[in-house]
Structures are given as structure tokens and as C-alpha cells.
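Hi,

Here is the structure I promised to send over. Have a look at it first, and then read my notes below.

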Amino acid sequence: MSAEKRPPTPDSKPYDIGVNAATQYLADQSDESSARFVFAYTITIRNCGSLPAQLISRHWIITDAQGLVQEVRGLGVVGSQPLLQPGETFRYTSGASIATPVGTMRGSYQMLSQDGTRFEAAIPEFTLRVPRVLH
């Protein structure tokens, strides 16, 4: 987990959270013969808005190549409910396991702004894939 701060731009919206993901296949934790493919993902959340906002909960939709969907809901991320000041980022790493060498993840974070407004921050879909499976 880490945080860094950059000032918001003058035209910032009050509720604007950016989310980026980077993934890594964990071969040492996977068991391909048992259809268990494990991936780490590092998420960077940035408060691009003009008001402080706290991450309250998460909702993930994880889909494998056979169309099997896992939904995960819970409070915070990695045991934390970070409060992000305008321009601040929060980064964490977690993991997911699917039954195929390729899959996707997407979802949302439920946020609470300093002014009491609840809003959702979309987590754009990203791909989980074993290297050399897709070109």
C-alpha cells in the first residue's frame, strides 16, 4: 500500500476517481493440471476530484474463459478504507484465482465524499492471462 499526492486541476469535478490495474500471472501458486490459475493485480486509485473521498467497499466481477462468474463484495481493500485527498493516490496488490488461463475482472468501489455524498468509482475491465496464451 502506498499513497502519493498531486494537486487537483482547477476544472476538477467533486466526485472523480480514476482506477488503473496491472496484472501478473503467479505460476508458482498456480496448478494448471488442476485448472487453477492464480494472478496478482495491482490497483492504483487516484482522487481526481475536488473533494476528499473514502473508499468504503468494493464489488468485483471476475469471469473466466468458460463464462464462470465470481462476484466478490466486501468492506475496503486489503483491510483498509483509505481516505484520499484531492490529487492523492492509493496503491495496493491483491490476487484472484480462476479455472482458465484467460479471464477478466471489472467492478466498482463504493466511495463516500467528505460532503456526505455516496458515489461509485468504476473499475474498468482488465484481462487476466497466462503469458503467451493471447497475442
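**What I found**

Let's start with Ile45: leaving aside neighbours within four places in sequence, Ile45 is in contact with Ile17, Gly18, Leu55, Leu84, Glu88, Thr89, Phe90, Tyr92 and Tyr109. Keep in mind that this is a predicted model.

Ile45 also turns up in the largest nonpolar core, which has 27 residues. Ile45 is listed there with Ile43, Trp60, Tyr92 and Tyr109 as the residues with the most contacts inside that core. At least two core residues come from each of these strands: E2 (17–25), E3 (37–47), E4, E7 (88–98), E8 (102–113) and E9 (118–129). As a bit of background, nonpolar side chains tend to be buried together in soluble globular proteins.

Next up is His59, which sits in strand E4 (residues 53–64). Is His59 buried or exposed? Its relative accessible area is 12%, and the cut-off for buried is under 20%, so His59 counts as buried. The His59 side chain makes a polar contact with the side chain of Glu71, at 2.5 Å. Not counting residues up to four places away in sequence, His59 touches Glu71, Val72, Arg73, Arg106, Gly107, Ser108 and Gln110.

Now for the whole protein. You'll find nine strands and zero helices. Of its 135 residues, 42% count as buried. If you take the contacts with a separation of 6 or more, 69% of them are between residues 24 or more positions apart. The accessible surface comes to about 7500 Å², and 49% of that belongs to carbon and sulfur atoms.

Cheers

Note on methods:
Residues are numbered from 1 along each chain as its sequence is written. This is a predicted model: local features need pLDDT of at least 70, side-chain atom pairs count only at pLDDT 80 or more; totals for chains, interfaces and linings use all residues. Side-chain values use heavy atoms; hydrogens and water are left out. Helices (H or I, at least four residues) and strands (E, at least two) are DSSP runs, numbered from the N terminus. Buried means under 20% relative accessible area, exposed over 50%, partly exposed in between (1.4 Å probe, protein chains only). A polar contact is a pair of N or O atoms within 3.5 Å; within protein, one must be able to donate a hydrogen and the other to accept it, and residues adjacent in sequence count only if both atoms are side-chain atoms. Contact means heavy atoms within 4.5 Å. A nonpolar core is a set of buried Ala, Val, Leu, Ile, Met, Phe, Trp, Tyr and Cys residues joined through side-chain atoms within 4.5 Å. Accessible areas come from the Shrake-Rupley method with a 1.4 Å probe; for residues, only the protein chains shown count as cover.
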